[in-house]
Amino acid sequence: LYARRSGSSIAGAILTSIVWQWGGFLIGQFSHVNIVQTAALLPWLLWAIDGFGKRGERKWGFIVAAIVMLQAFTGHQQTLAYSLLLATAYALVMWRVHKRTSYLWSLMLLGAGMLLAAVQMLPTYELMRNSLRSASSFEFFTSFSLPPRFFLTFFAPYLFGGGDGLHAAQDQEAVHGRGHGADGVLQGGHR
């Protein structure tokens, strides 16, 4: 629906949905249901923001807040934060392009959705403070980071070898296990 509202043909909208659903990110996180559920709602959130921005009707505002609430209820805060950052950027860009203040008001609706989700977010925050990770250091979080040289493999996955299906380097498999990166869209998440 979002692609159709943005001006895509039916075939373009179908292709867009297939690329989003079967692209590298969602397929790569397939075993993490809460990540997939949060990310799957992102096109719906953009669709609702666009509906509110173009019409300014109250029902679209409820839909924006409800989708944010549902994303928060799935329980993966990192993907929720990415979604909210993208939705904020989208609303600001659309406001600059179309000069409609309703896009700015949609930012308040993102906050309203978070307020609706407070029944889960506040207990989550409380439990997070009591978890083992609450005392984790910066070194812990960066200890599993990939070396900077692997940035180039986003554009050329087999830059450092592999690709024949038999002798792929172990660290390459960790980075591009299921078609992550720019090639993931073209490969549909498959090698």
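Hi everyone, let's start with helix H5: ten of its 14 residues are buried, so H5 is largely enclosed by the rest of the structure. Buried here is under 20% relative accessible area, exposed is over 50%, and partly exposed lies in between, with a 1.4 Å probe and protein chains only. Please keep in mind that this is a predicted model, where local features need pLDDT of at least 70, side-chain atom pairs count only at pLDDT 80 or more, and totals for chains, interfaces and linings use all residues. Residues are numbered from 1 along each chain as its sequence is written, and side-chain values use heavy atoms, without hydrogens and water.

H5 covers residues 42-55; helices are DSSP runs of H or I, at least four residues, numbered from the N terminus.

Now the tryptophans. Rings, six-membered for Trp, pair if their centres lie within 6.5 Å; planes under 30 degrees apart are stacked, over 60 edge-to-face, and the rest tilted. That rule gives two aromatic pairs. Trp 44 and Trp 47 have ring centres 5.4 Å apart and planes at 90°, so they are edge-to-face. Trp 44 is partly exposed at 41% relative accessible area, while Trp 47, at 15%, counts as buried. Trp 47 also pairs with Trp 60, with centres 4.9 Å apart and planes at 75°, so this pair is edge-to-face too. Together, Trp 44, Trp 47 and Trp 60 form one aromatic cluster.

Terms used:
Helices (H or I, at least four residues) and strands (E, at least two) are DSSP runs, numbered from the N terminus. The expected span of a helix is 1.5 Å times one less than its number of residues.
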